[in-house]
Amino acid sequence: MNDIRKLIQKLNAFRDERDWRQFHNPKDLAISLSLEAAELLEDFQWKTSEQAIEENLENIKEELADVMIYALMLSHDLDLDVKEIILDKMQKNAQKYPVEKSKGRKLKYDNL
């Protein structure tokens with residue numbers, strides 16, 4: 001977890017050096033996260049996964065980094081512990097998707 005804290009510190013230093021924090025309220029960070037996720041999707045549009053990766057891997061890396069940057073900044077600004085919220089969500093998912101019902105199946109929890 002120390003690595004994530006250090007990464008968030010670097011992200012904050014980067015935006016503070018540019019005086020961008022004024023633009024980074026939770027609403028706008030959430031919007032930016034969604035927009036970057038849409039840009040990531042464009043790399044896969046009308047292609048198989050294999051084609052998309054072969055043709056667009058560098059851009060996929062950049063768009064995925066943008067998504068993660070905004071997610072980390074939003075979690076920091078809302079004073080959320082990334083490790084804690086991920087582990088909490090995994091616990092909820094384990095209850096919604098028990099292994100005996102969901103293993104090898106792609107059904108949503110309410111259809112298991």
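Arg-18 is partly exposed, with a relative accessible area of 35%; buried means under 20%, exposed over 50% and partly exposed in between, for a 1.4 Å probe and protein chains only. The model is predicted, so local features need pLDDT of at least 70 and side-chain atom pairs count only at pLDDT 80 or more, while totals for chains, interfaces and linings use all residues. Residues are numbered from 1 along each chain as its sequence is written, and side-chain values use heavy atoms, with hydrogens and water left out.

Arg-18 meets Glu-17 in a salt bridge (3.2 Å, N to O), a term for a side-chain nitrogen of Lys or Arg within 4 Å of a carboxyl oxygen of Asp or Glu. Glu-17 is exposed, at 63%. By this rule there are six salt bridges. Another joins Asp-16 to Arg-21, with the closest N and O atoms 2.9 Å apart. Salt bridges that share partners link Arg-15, Asp-16, Arg-21 and Asp-77 into one network.

Arg-15 lies in helix α1 (residues 2–17); helices are DSSP runs of H or I, at least four residues, numbered from the N terminus. Arg-15 counts as buried, at 1% relative accessibility.

Helix α2 (residues 26–42) and helix α3 (residues 49–77) pack at an angle of about 160 degrees, their axes 9 Å apart. Axes are lines fitted to C-alpha atoms over the stretch in contact, and angles run from 0 to 180 degrees between N-to-C directions. Therefore α2 is roughly antiparallel to α3, the word for angles over 145 degrees.

Technical notes. Helix = DSSP H or I, 4+ residues; strand = E, 2+ residues; numbered from the N terminus. Parallel < 35°, antiparallel > 145°, perpendicular 65-115°, else oblique.
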